[in-house]
Amino acid sequence: LIDMGMPEENITIINPGLDCELYRPSISLKTRCPSVIYLGMVKKKKNIDHLIRAMVEVKKVLPEARLLIAGRGSKRLYRKLKALAHRLNLDSVVDLYGEVTVEQKIRLFQSAWVSAHPSAKEGWGIPVIEANACGTPAIAYDIPGHRDSIRSGETGLLVPYGDIGALVRGMVKLLTDIELRERLSQN
């Protein structure tokens, strides 16, 4: 807006919020096995395939780890993601839910250990704050939008965009370091 000539003093940023009566932690719902969730729009720019590729390496460290993918998206893209998981021998690791209700979304966020967001582009990252409100720390690519919704090292982790190795290391760190995960969850 400033670049377009709007005086800075005329600009007010109002961050999005959510209903903390609905989105709240539930320790008792956490999955027994380490779990990572992607929950949001299922689109190409969200780089969900990066998460599936990352699970190949995560599984080497944590064979019982699971990746849950849910959200509104085309059946065609879901088929591609399922085919990728199959090609990488991750059929038993990757669960594709499709579109879910608000109640299901909250339960999924509450039950996951980590929320992951490898997007190429975000306006804000509302699923990040929804996950955080449910006590689930986030890991995401360090892009505008995620920088607004994640305080790296406080509420989640930011890793360099497109660096699947860094994504793997961050996911493994969050899944194995109970103290870190609990601190981020509390924050």
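**Close-up views of a predicted model**

**View 1. Cys134 is a buried cysteine.** Its relative accessible area is 1%, hence the label buried (under 20% relative accessible area; exposed is over 50%, partly exposed in between; 1.4 Å probe, protein chains only). The model is predicted: local features need pLDDT of at least 70, side-chain atom pairs count only at pLDDT 80 or more, and totals for chains, interfaces and linings use all residues. Residues are numbered from 1 along each chain as its sequence is written, and side-chain values use heavy atoms, with hydrogens and water left out. The closest cysteine sulfur to that of Cys134 belongs to Cys20, 9.1 Å away, too far for a bond. Cys20 is exposed, with a relative accessible area of 53%. A disulfide is counted when a pair of cysteine sulfur atoms lies within 2.5 Å. The count by this rule is zero disulfides. Cys20 is in none, its nearest cysteine sulfur being that of Cys134.

**View 2. Helix H4 spans residues 126–133 and is largely enclosed by the rest of the structure.** Helices (H or I, at least four residues) and strands (E, at least two) are DSSP runs, numbered from the N terminus. Six of the eight H4 residues are buried. They are Val128, Ile129, Glu130, Ala131, Asn132 and Ala133. These residues pack against helices H3 (102–111) and H5 (146–149), and against strands S4 (114–117) and S5 (138–141). Gly135 follows H4; its phi is positive, near 80°.

**View 3. Ser149 sits in helix H5.** The residue is buried, at 7% relative accessible area. Its side chain reaches the backbone oxygen of Trp124 at 3.0 Å. Contact here means heavy atoms within 4.5 Å. Neighbours within four places in sequence aside, Ser149 is in contact with Trp124, Gly125, Val128, Ile129, Asn132 and Thr155.

**View 4. One aromatic pair is present in the structure.** The ring centres of Tyr141 and Tyr161 are 5.1 Å apart and the planes meet at 70°, so the pair is edge-to-face. Rings of Phe, Tyr and Trp (its six-membered ring) pair if their centres lie within 6.5 Å; planes under 30 degrees apart count as stacked, over 60 as edge-to-face and the rest as tilted. The pair links distant parts of the chain, 20 residues apart. Tyr141 belongs to strand S5, whereas Tyr161 lies in the loop between strand S6 (156–159) and helix H6 (164–176). Tyr141 is buried, with a relative accessible area of 0%. Tyr161 is partly exposed, at 44%.

Conventions. Polar contact = N/O pair within 3.5 Å; in protein donor to acceptor, adjacent residues only side chain to side chain.
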